[in-house]
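Me: I am new to reading protein structures. Could you walk me through one, feature by feature?

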Amino acid sequence: MDFGIAGKNALVCAASKGLGRGCAEALAREGAVVTICARTDSAVRQAAEEIGAQSGARVQWVACDITTPQGRAAALAACPQPDILVNNAGGPPPGDFRDWDRDVWIRALDANMLTPIELIKATIDGMIERKFGRVVNITSSAVKAPIELLGLSNGARSGLTGFVAGLARKVARHGVTINNLLPGSFDTDRLRANMASRAKTAGKPVEEVAQAARDANPSGRFGTPAEFGALCAYVCSVHAGYLTGQNILLDGGAYPGTF
């Protein structure tokens, strides 16, 4: 299937590794002109070179902290008119809400709610003018089923979800869609860090905790960034123009609800 996005400009945030990188790889394979950003210069440069080698296309990169005004300005200078925007940022740390002061909450909101909103604000009108746009927000399965240790993420990502629900309905008639991808347990650095935290709390080896998590999932495994990226690329394709304002859960069947 031709996704119809060859030549489209794509900005993918936090894409040096993990789910962001999976999305960047899939979009590059479909012929999109991809710009990736991440905080660490060496890591984002290496990722761009590797994705370019895999796809046969040049991948632009910029080292910046997308959660800051300066970082967003740098990313948008590198890709000023994205047709595709993949919002992504590292999630806040796990913990007990009794230990979180206002500053901790503000950092979580800045990274996982306000930064995506600012990037959408900066790019949505251009998409409307061009009569094509795809915004994908990488959020979390915690939006559907809160995760006890991830209260900061539960709150911030749910706030973004509520905002997007309204905006998506306003821009759909202009050929612009906004959707959220909700990952469950994917084999990323973030998951490994959470497993280490759980293991420390439980006083168990990390691999024992990780294997128990795999066994508890109906699929018997964790997801891969590649399969996450493949869905992202489809949601960004010309074939997904009637899909908007949705929260698409990828969790191997872990969420037990029917609806």
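Reply: Gladly! This is a predicted model, in which local features need pLDDT of at least 70 and side-chain atom pairs count only at pLDDT 80 or more, while totals for chains, interfaces and linings use all residues. Residues are numbered from 1 along each chain as its sequence is written, and side-chain values use heavy atoms, with hydrogens and water left out.

Me: How many helices and strands are in the protein chain?

Reply: Helices (H or I, at least four residues) and strands (E, at least two) are DSSP runs, numbered from the N terminus. The protein chain has 8 helices and 7 strands.

Me: What does the radius of gyration say about the protein chain?

Reply: The radius of gyration is taken over C-alpha atoms, and the globule rule to set beside it is 2.2 Å times the number of residues to the power 0.38. For this chain the radius is 18 Å, close to the 18 Å that the rule gives for 259 residues, so the chain is as compact as a globular protein of that length. Along its principal axes, the C-alpha trace spans about 55 × 40 × 35 Å.

Me: Which residues have the most contacts inside the largest nonpolar core?

Reply: Start with burial: buried means under 20% relative accessible area, exposed over 50%, and partly exposed in between (1.4 Å probe, protein chains only). A nonpolar core is a set of buried Ala, Val, Leu, Ile, Met, Phe, Trp, Tyr and Cys residues joined through side-chain atoms within 4.5 Å. The largest one here has 34 residues, and those with the most contacts inside it are Val 12, Leu 27, Val 34, Ile 36, Val 86, Leu 181 and Phe 228. Among the elements that each supply at least two residues of this core are strand E1 (9-12), strand E2 (33-38) and helix H8 (225-235). Its largest share, 6 residues, comes from H1.

Me: What does Val 34 touch?

Reply: Contact means heavy atoms within 4.5 Å. Not counting residues up to four places away in sequence, the partners of Val 34 include Val 12, Ala 24, Leu 27 and Val 59.

Me: How many disulfides does the structure hold?

Reply: A disulfide is a covalent bond between the sulfur atoms of two cysteines. The cut-off used is a pair of cysteine sulfur atoms within 2.5 Å. The structure holds 0 disulfides. Take Cys 64: the nearest cysteine sulfur, that of Cys 37, is 4.3 Å away. Cys 64 is buried, with a relative accessible area of 9%. For Cys 232, the nearest cysteine sulfur belongs to Cys 23, 3.5 Å away, and Cys 232 is buried too, at 0%.

Me: Which residues of helix H3 are buried?

Reply: In H3 (residues 69-78), the buried residues are Gly 71, Arg 72, Ala 75 and Leu 76. They cover an arc of only 130 degrees around the axis (taken from the directions from the helix axis to the C-beta atoms), which puts them on the same side of H3. The face turned away from that side carries the exposed residues Pro 69, Gln 70 and Ala 77. The buried residues of H3 pack against E1, E2, strand E3 (60-63) and helix H4 (102-130).

Me: Is Lys 131 buried or exposed?

Reply: At 55% relative accessibility, Lys 131 counts as exposed. Lys 131 lies in the loop between H4 and E5 and has a positive phi of about 65 degrees although it is not a glycine.
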